[in-house]
Each structure stands twice: as C-alpha cells, then as structure tokens.
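Let's take a friendly walk along the place where two protein chains meet. Have the sequence and the 3D view ready, and follow along as we go.

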Amino acid sequence: MTAAAFLPWLIVAMVVVAAVQIARRVILWRSGRPARVDWLAGLKALPRRYLVDVHHVVDRDRSASRMHVPTAGGLVLACALLVVGLVPAIAASRLYFGLVALAFLVMTAGVVLEVRRRYPRPLPRLSLGQWQKLPIPLGVFALGGFVTAFLASLGDPLPAVSILTLLLTTAAGLGLAGMAGHGPMRHALAGAAHLAAHPRPERFGGGRSTELRPIDLDAPGTGKLGAETPADFAWNRLLAFDACVQCGRCEAACPAFAAGQPLSPKHLIVDLAAAAGGGYAQPYAGNAYPNARPVGGAAGLHAPIVSPEGLVHPDTLWSCTTCRACVEECPMMIEHVDAIVDLRRFQTLERGAVPLKAEEPLANFRGADEPNGRALAERTDFAADLRLKVMKDGATAEILLWLGGAAFDLRGQRTLRALILALNAAGVEFAVLGEEERDCGDLARRLGDEATFQRLAKANVATLSQYRFSRILTADPHALHVLRNEYPAFGGSFDVVHHTAFLAEMVAAGRLAPAALTGKAVTYHDPCYLGRYNGEIEAPRALIDALGLERREMARSGRRSMCCGGGGGAPVTDIPGDTRIPDIRMGQASDTGARIVAVACPQCTAMLEGVTGERPEVRDVAELLWEAVQAGGRNEAAAVKAGEPA
Amino acid sequence: MRTLVLLSDARHPVSGRPHLSRLETQAIGLAASLDPAARGLHAGSGEDAVRAGLGHGLAGLDVIETTGEADPLPALVGFLADALGGADAPELILAGRRGEGGFETGLVPYLVAERLGLPIVADAVAIRAGEMPGTLVVDQAMAKGARRRVTVRLPAVVTVHPLSPLPRPFAYGPMRRGRIRRHSPAAEQADLPAVAKMAGHGTVAGRAEDTGGTTVGPVDVVPADERPHRARPKLMRTSGTAAGGANLHVGPDPTEAARLILDYLEANGIRRYGKAPE
Amino acid sequence: MSRQRRDPRAERGIRTVESRARPRLDVARRESPAASGRLRRDPWREWAASLVDETYRKRYDRSQRQMSREDAARFLAARSDIEATAISPGQPALHVVEEPAFLIFAVIEATGGRLSRFDRQVFGAARLLADADAGGGAVVAITTGEIDGLGEAGADRMLALPSANGGQARAAALRHAVETLLPRHVIFAEDGDSADLARRLSVALGDDLMSGVEHLTARQAVRPIRNGAREIGLAPPRLMTIGEDRVKPYAAAPCEARPIDASDFEAGADPAILSSEIIPGDPASLALSETDFVVSAGNGVSDIAAFRELAAAMKGTPGASRVVCDAGLMPRSAQVGASGTVLAADCYFALGISGAPQHLQGIAGCEHVIAVNTDLHAAMIERAGLAIVQDAQLVMPALLALLRERGA
C-alpha cells in the first residue's frame, strides 16, 4: 500500500474536521431571525452564481482571479478526485494518481500566484495575520499532495519521501480544515452557503436589487425594531458576514474610509461576524477604522453591537453614505448597506440615538413631512412665474413632475427651472403635485427612521394613486430610487424616469434641438442612486455627447463611481474625518482637466458646490441642455434672419 | 421622585398638525432624568399630539378625555387631587412655561398650583432632589446666563425654561409600547378643599385652557375676536441707544482705540456683565 | 377748498442761520411746513448727513440716522400737538404729570440696576397707554431698588417695592400695591421673573392676563394664540405682558420718576421656598446662543492665545468666524453666523472680521456691535455702532493693557 492511498482518507478526515468546525457556526447562524430562503432554487443556481456572478466581480482584480481560479479549482478538483479514490479499484490506478497530481499541481501554481500578491509586501487593502499565513498551509498541502500523488503515479519509487510528504500534507490539510470555523477557510463553506441562501437572489444573473426592505412596525408583542445584537439579524445575514474573505475591495472603494471617517466596510463585516461568535478568535489584522473611536469590545450573540462598550462605535455606523460602492465591489456578494441600515434602525427607532444634527430633520419629518421644516405649500413658490399645472386642480398630464426637496433650495431651483423650461420647450404636457407632494422619505429611511418613511410612503402612494399619469419624472435620483424601487412594497408601482433619461429621449426624438456647446471639457459625476442603484449610466452621457461637449471620464465612473458624500444622511450625521468626501471627489474631477463637472442630482450639486477654492464649475445636465437649447433657438433665429434677404 | 408632566395639545407651526410642544419635550427630558417611571398628563379630546411623549422618555400617559370645547383645568385639578391623595402621589408636577395650541396664557400651571395648594417655581433649567428628603433644588434661568438656585418643599409645580437640556431624542419603539390610560373627567371636584377655597374663581378657570388645544373658554374672548394671525415685524435691534454720527474712527492709535472701546462698553453698560447682581 | 398761502417772511425766518454776527440764509433748508402742513423729507440732506468719510470712495453710514438735538428740537416745534413746551437746545424739558388721571404700572426687572432694552419697551407700552386720547395718565415704575434713567425711559412715578424672597411674596406685595393704588393697567415683560410675577398676580387677583402681546395701541391689544395660527384682539385689559421687541421704547421728553412712598407695601416670605441663591453666569463656558456679550475673532486675528486672554479679561464669550473655525483655531461650537450660532447677545465685539453676509445674519439681533478691522469698507465696519479702522492684532494688546490698568 502506497502512502498516496491514504490521501482519500485524509480528505475524509478533513471533511469531518471541517464539518465539526462549521457546525459550530451553523448553530450560531440558526440563532438569527428566520428568513425565507428558496433552497432548491438557490442550490440549483449556485454553480452559475459562483462561476459567473462572483467570478465577474473577482475578475475586476485580475491578479485575484488568476490566483483564485487555479487555487480553488485545483483544491476542489483534487479533493473530488481523491474522494472517488475511496473505491479501491480506482486507487490502484497509476493514471488516477497522475490526474490527482495534476490537480495538486494546478493548485500549487495558484498558491504561487497568491504568494506573489502577499510577499514581499501585500496590497494595502488585504488583511494580514492568518490571511497572510494562509499560503503556507495551502502551499504545503498542494505541494505535498502533488509530490505524494506524483510518486504514486510513478509506482512509489521513494517510499520514505512519500511518507514524509504524506505526513506534511496531512498536517497542512487538517490545519486548513481546522480553519473552516474561525479561520480564513471559513469563506469557502460559508461563501457557498451564502450564495445559495442569498437574501437578494434577484441580484444574480444580471438582475438588480437595491431597495431596502421594509420591516413590520406593528409586529405584535414587544419585539424590537432593527438589529441590536447579532441574534437580531436574519440567519442568512449572519451567514453572509462569515463569508467575508477580507479582500478589502469594499474598503478601497469606501468614500468614508478615504475621507478618514471611522468606517471600513471590511472591518465592520468582520466585526459583525466576530460579534456573533462572542469576540475575535484571532486579532483582526486589517486596516483599523480611520481615526478609530475607542470601544469596549464586549461581544456576544445577545450583546449590543453598536455602543461605545461594544465592538462598533456609533460614529462608524453613521459615517456610511449608503453609496453601495462596497456592495458593488464585494466578491462575496455581502450586503453591507442592509446591515448598516438594520443597525441604524435599532438605534433610531428603539433608542433615538441619532447624531445630534440628525435629530432636527427627523423631527421636521414627523411634524411637517419635510426634512427642513418647510411648508409643503411653498414647494412651487420658486416657479410661480412658470405657471405649473397642479394635479389637484384637475390637471391631467402625461408626465407627473416630482419636484423633491430641491424645490426648497436656491441651487436646486436653478436646475428645476432649467428642466421645466426645457419641458415647456419640448411641448411636454406635465403637472406637479403642489402642496400634496410630501418628501419621499429617503433621508428618514437611510437614517433608520423606518416609521417615518413608511408613513410618508403610504401617504405619497395614496396621493399618487388618485391621479392619472403615465410616468413620474424627477430630477432627484434619491426620489427616483424610492419611488421606483421602494414604493412597490407599499402598493405603489410607478413608471419613474430620471430627467437625464427623459431629456435624452426628447433630444433623440427631435423635440429638443440643442446647439453644440463648444469649448469646455466636461466630466460627468455619476450619482450613486442613479448609476449604482439603478444602473442608469448611459443616458446622461448620451445627453452630454449630444451637446457636443468633450466628455472626459474620471478614474471612477459609471457603476463604480465614487460618492459625493451626500447620501445616507451623511451630511446631517456629519461625522468628522481627516478630509471631506466631496473634496476628494472634486479632486478626481479636477484631475481630468475638465472645466465643468456635470451632475444629475441635487445632493451631488450641493456637496460638490460646497468645495472651496479653485475647482471646475458644477452644472446639472439639465442646465447644460437648456443652455444648448437656448443657443439653438438663437442660432435658428439668426439663421432665419440671415436667410431673409435671400 | 414620582414625576408627572402636564402636556398640551400643541400644533406644529408649519404644518398645523398636532405635535408635542418642544418645551414639554424638554420637561419630559428633565422628568425622565429624575424618574424613569415619569408619566404624562393631558386633558383634551385626543392624544395625537402628546403620544410622542412616550417616545421621548415617558413611561406612561394619562389622558383625561374631555370634550373639545371644555376647559381642561377642572379635569386636571380633579385628576391631580385624586392622585395626590392616592398611594403613588406625584411629588413633582412639571409643565412648559406655557402650553401650546390653545390660548397660551401660561396660567394653567399657576392655577393648578394654587388650587392644589402647591408652590410653583418657574423657568427651571435643571432639577435635582434636595439634600433634605422631600425637597427639590431647582435652577432657574435668569438673564445673562445667571441661575437662581431655589430649594423648594415638595410636592411642587415647576415650569421649564427653553434653555433646559436638550430632550431625549424621539424613538418610535418605546412610543409604540407605551401604555396610555384613559380617564373620564372626575365628577367629584366639588369635594376638594383646595378647589372649595377657590370658589368664585370661575372667570380665571375659564381662561385656563392651555392644556387643551381646541378649547375656547375665556369669558371676554368671544369667537368674533379670534381671527387669522397676521405676522408683524419685530422692532429692529440695530439702532439702539448708540450715539449717531461720529462713531467711525479711522486709524486711531491702538491705545486710543482701546480706550474708545472700553468707554463705549461702559457707556452701554456691557462691562458689568458677569458680575453677580448686588 | 382755499389754497394755503405762503408766508415768505416766515420761510425766510426759518432759513436764517444765526451762526455769526451776520445772519446767513440757508436756502437748502426746508423745515417750513409744506403747503399741506405735513413735514417733508429731504433725502439729499439725509445722505449728506450720513456721509462719514470723504476719501477716494465715499462711505455713507445710513444706520445712524438719529437727528441731531437741534434738528429734533425743530422737529418737535413743528409738531405742536406733541409738545407745548419750547425745547431749548441741550436741555430737554421735563414731562410732568402733577395730578394723574389714572395710573399705569410698568413692572420692570432692571437686572444689575440697569434698564434693559425690554424694560424700556415695557415703559414704551405704559407710556402709550398713559398718553392715549386725553392723556393725563402717569406711569409708575415698579422696581425692586434704585435704578438710573427711569425718568428718561418714561416713568412719572417710581414705586420701589421691598425685595422679597420668592415670587409668591413679590406677587403679594404687588397685589397689595394694585389694590391700594388701583392702576388702570399693569404691564409686564413676557420674560423671566416678570412673566412669572404677572401670572401669580393674575391668579391672586382672579383677573385676566393678556400674555405675550404682539401689537398694542390704546384701543387694542393683539396676541397670537393656537401656536401662532390665530390671534385675538381686545381692548387692552388690566393685566398684560408684552412680547420682546414688539412695542417701541419711549423716546420723547424725560419724565420725573418721582418716588412714591413704599413703606405700606410689606413683603413677606414664601414658606415653600427654603433657600434661594444666585449663581452668576460664567461667560467663558456659556453657550453662544445664551450669552450677552460675544468677543469674536476673524481672519484678522492671528494670535489666538492673546484673543482668548482678551475675551476672558473682557468677560465675554469667545466666538469666531467660519474661517477661523475651519482652520481649527477655534472649536466649531464657537462659530458665529448662519451656519454656526445665531446670536441673541446685546453686544458683539468683532476683531478682524470683515462681515460676510452669512456672518452678519448671525449677529442680526445684536444691539451693539463694535468692529475693529483694517478695511474701511468692510461690511462689519458699516454694521458697527463703534467702528475702528485699525489692525486687531495691535488693538488686542492695547486693550489688555488698558483693562489691567483700569482693573487695578
């Protein structure tokens, strides 16, 4: 009997050890709240989710995919082959061991690539500690397995060496299996289970699922709202936290982290996973929260997570802009924003522990349905001269224009005026809700005030359902997202269109004839709630191109664009950092050399215009278009005039 | 210290919807810091406005359901007299310096205090139990940041000043769980000695509708006198008593400038600031 | 209707300037009552009067539009309905009410022995009611001690009630005074102890209180109700509190503020009040929104340590402009302006602040503004009641030295 004949039994032993390890986590997951999971569909879709959706994200970092495909592929293949080897007839075949050796060789190649990512100096976003040491057991296992199997395929010419390598392989293999509960190898099992039981299965296969899920506010009994302890998360959320590979892509994309605010999505997810298990088994070896606030570190399945005594400081929670850059980048498909909002919901709904400056908008929402406490009847005041049609007065219109909070803001009013004038020029029949338009509730929901959001949502849905229109047009991506994606849960399904898409339609249909604006290079800043949340990145660019402007792209654009810092209530929570997010983003815009930053969101406009010093001009796409249309009108008039004598 | 907060039926200044008065929210904050089981008391036709008090730290709410136009004072006095005679008698009754939503005279706490024979202290910014049992130390807000520290015998009525600490922020969950006890107006007020002493005070009672927003009561206020509010500009503060004309000095010697500044301050009495009033 | 006739002789008389031995005729002067009998404004002369400094760029100060004493005298002379007594320049006549037809009580606080702006407004309201219609009423200042300037503020009489321990005792003494002297109105400020006293008196007398009056004439007092959605207007009742900055202070001829014997009005002690002490405010730790005097630093102040020392020495609360806070030299909580704290202070001392619009919004409520700035044309200089065009860095040490000298 050759040493290699023990390899299949090693795999069996590894499976047993791993099963024991992961069972401890399974018990933890089961203590989470129940969640409806379609296991059958999830398991059926698992290979596709893993090989296509996950790979697609992993592949954005080529060195990662080049490393992971052979390592994981070789490991899985070798293990699978070796399990087959439990059949004695097969184990006798030298060709079989040749195949096993090949699989181990592939894995070895992958490990070599991984070593090159981490040594001599690892990428700054990667975690160290056990993750840094992982290539050692992996390499020993792969190389040992290869040598053992390879010698077996040659007829075991060097039995002493075979036994030595088998022992090494066994040690490394059992070590890896032992990491399945707390160590890095947890990601393999938890990750696979997470993909099958993902809370947002709609995300896979090219779909999109970005809306926050409502919670039952009138749940009977004294059940708490939101998540206070790990046990308050749904079980498949706890599973998701365990799937984290600490690759740090979320951290690299996080605007709050970049601005030195005390948030790292990676650290937060690892904290949440550790909190469920009662604390860190090994010390966290990634980047700390920037300017980390001291915390007590108390953890447990039923211990509060967010508190100065717990694992996560409240400032970490309130630094998030809900831009979803982390979710977009996560190869394990973890939903960071959902977790943050769940935690915020508890803080806001049960403890009222919102940052000081966020109390006022929430109080205004409760009192006046508007975050700045403005009278709803004043919403159309800025356009008193434009004679907007109001639905309540019996207007019927093709398009319902949702003005949003920008109507109360001087800067936002300029954009809205340009949009309204352009609509008039295109002969669009539209009307507004006037004083019946309440705030959409975006800010309240992102700050965790689900009660206020649901009240506003129900009221707005009731108002909107009274009227007949075919589409809702809005210049605010936050309102767009809420109306389009979040109101359906409250019985209001509307066809919502963003003004950039609508104006692009108008230009394409020839109803607006913009002249070419020349001279200035433009860079377009994608609003998170339009680009990432709704995948609309083409229309605004098409519109800018139609204006004949030179368009330059920032390093981060489209679905991977960087946040302006204006979402998720970040401007009102106002967590101090080293610098401000809009300053960073404006720096990126300046780097393109563009003289104009085109924006498509009132929040982005406000944040980017707040940047002081020498900077490109901030213009909404609607303003640029209206300028071009006016220029077009003048050109036409001039052409007519020039043509007259002839 | 068993504490009770009087709550009025305020209206939001922008939307006109029922909402909890800001000052009463601060009173609730003070109450909750003294008594985790502090309760709110409201007499009126609905609890829409005051329910939010449960979300700001009240453990419970007592609502005396009076009809829309009724004067809440008898209901409040009746309820409080019962409570003061009961086992868990409130020791401290807090209120805003004036209720909102009604005629807003600010008389209710004074009338309640007088009818129940309790002392009243106004404009509290901080409250704590006194060293002697049965006493209360109240810091009253005074002009220019000064405070008057008053020790008063309990039970007492205390009204709260806008400079008192920020209230605990609103939380929906506790409001949802909070218990509201509804009562019908006490019919046996006539038995109360304190009220009996005040017989003949019907005209004052009629004016004391702060705690019930929809009440119309005062004898001299006929509905015809009530009309939509007209915003009137306040006086400008800029002119003041400054002597006009020659108060611009271009490029004076720094010592001369300093003298001018101090003289100006002394002429306007500003440098007395910070000294304890004699 | 017959046409009014011009009187060239009278016009000539008015335009005569008796400055030297030889009379001079000032043709630009137009104080003669116009044909309509109404006084006319002369915008040109108003501008000329507000010209502060004729450098290469003219600078007008339109905030200080008070008439000179002579102008005021002429103005009053033209309005014979107000003042019968001739006003000699420099010595305004005393307004004397020998036998009052009725009394108006004006209850004032005068913290620290000085009349506040609000106190003067209470007098304004009392004066308005005393002089209404036939007039003849006398304003009685209800005080707790000797106070300067009661006459100028509009008090005909002065009743110093003995200082009492606790509001209840004070109310008892006041009630006694009211029941003895039977004033037609008692007017309070809707603020602090006055508001408290008004309510105690109302309850003790069993009388109505009209609180927080926003608009007052002899015929009508108006106050908001129902969270400002509605208002009620009544004939002014006996007891009233007036809102802050709602009634103009009295500004005509001073009154005599003759003391009334107060020995009848005993003040007891409130048995429920066991002790009472006053803790003075510490300006350094006061919130900006509460303080009365802010010493504020702007871009023109580079030595923040000296600035802090100065603020402490002047017993002012330190504040700063946005630039200084952005630079991290002062905490964000010290920022004055629309995005920082909007002040309610009486006095604002701006060192090296040019006065951005947002900053000026924050000090809109300040009565006295002192500005030290190097730029004559800075908005803050224009806003200030005392404006000094000088380097703040030089003025600060001089001020500190002078404060030490005067303190010694």
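What follows is a short tour of the contact between chain B and chain C.

Keep in mind from the start that this is a predicted model. To begin with, who takes part? Chain B brings 93 residues to the contact, and chain C brings 94 residues. The size of an interface is often given as the accessible area lost when the parts come together. Here, the two chains bury about 8,300 Å² between them, and 54% of that area comes from carbon and sulfur atoms.

| Interaction between chain B and chain C | Count |
|---|---|
| Salt bridges | nine salt bridges |
| Polar contacts (both residues at pLDDT 80 or more) | 39 residue pairs |

Which parts of chain B supply the side that touches chain C? Several elements give at least two residues each, among them α4 (108-116), β5 (120-129), β7 (147-153) and α8 (254-267). The biggest contribution is from α8(B), with 13 residues.

Now zoom in on a salt bridge. The side chain of Arg232(B) pairs with that of Glu231(C), at 3.0 Å from N to O.

Strands also link the two chains. In chain B, β11 (248-250) is another of the elements that supply at least two residues to the side touching chain C. This strand runs parallel to β20 (residues 386-389) of chain C, and three bridges join the two. Look for Val250(B) there: its bridge partner in β20(C) is Val389(C).

Key: Residues are numbered from 1 along each chain as its sequence is written. Chains are lettered from A and ligands numbered from 1 in the order in which they are written. This is a predicted model: local features need pLDDT of at least 70, side-chain atom pairs count only at pLDDT 80 or more; totals for chains, interfaces and linings use all residues. Side-chain values use heavy atoms; hydrogens and water are left out. Contact means heavy atoms within 4.5 Å. Buried area is the accessible area (1.4 Å probe) that two parts lose on being put together, summed over both. A salt bridge is a side-chain nitrogen of Lys or Arg within 4 Å of a carboxyl oxygen of Asp or Glu. A polar contact is a pair of N or O atoms within 3.5 Å; within protein, one must be able to donate a hydrogen and the other to accept it, and residues adjacent in sequence count only if both atoms are side-chain atoms. Helices (H or I, at least four residues) and strands (E, at least two) are DSSP runs, numbered from the N terminus. Two strands pair if DSSP finds at least two bridges between them.
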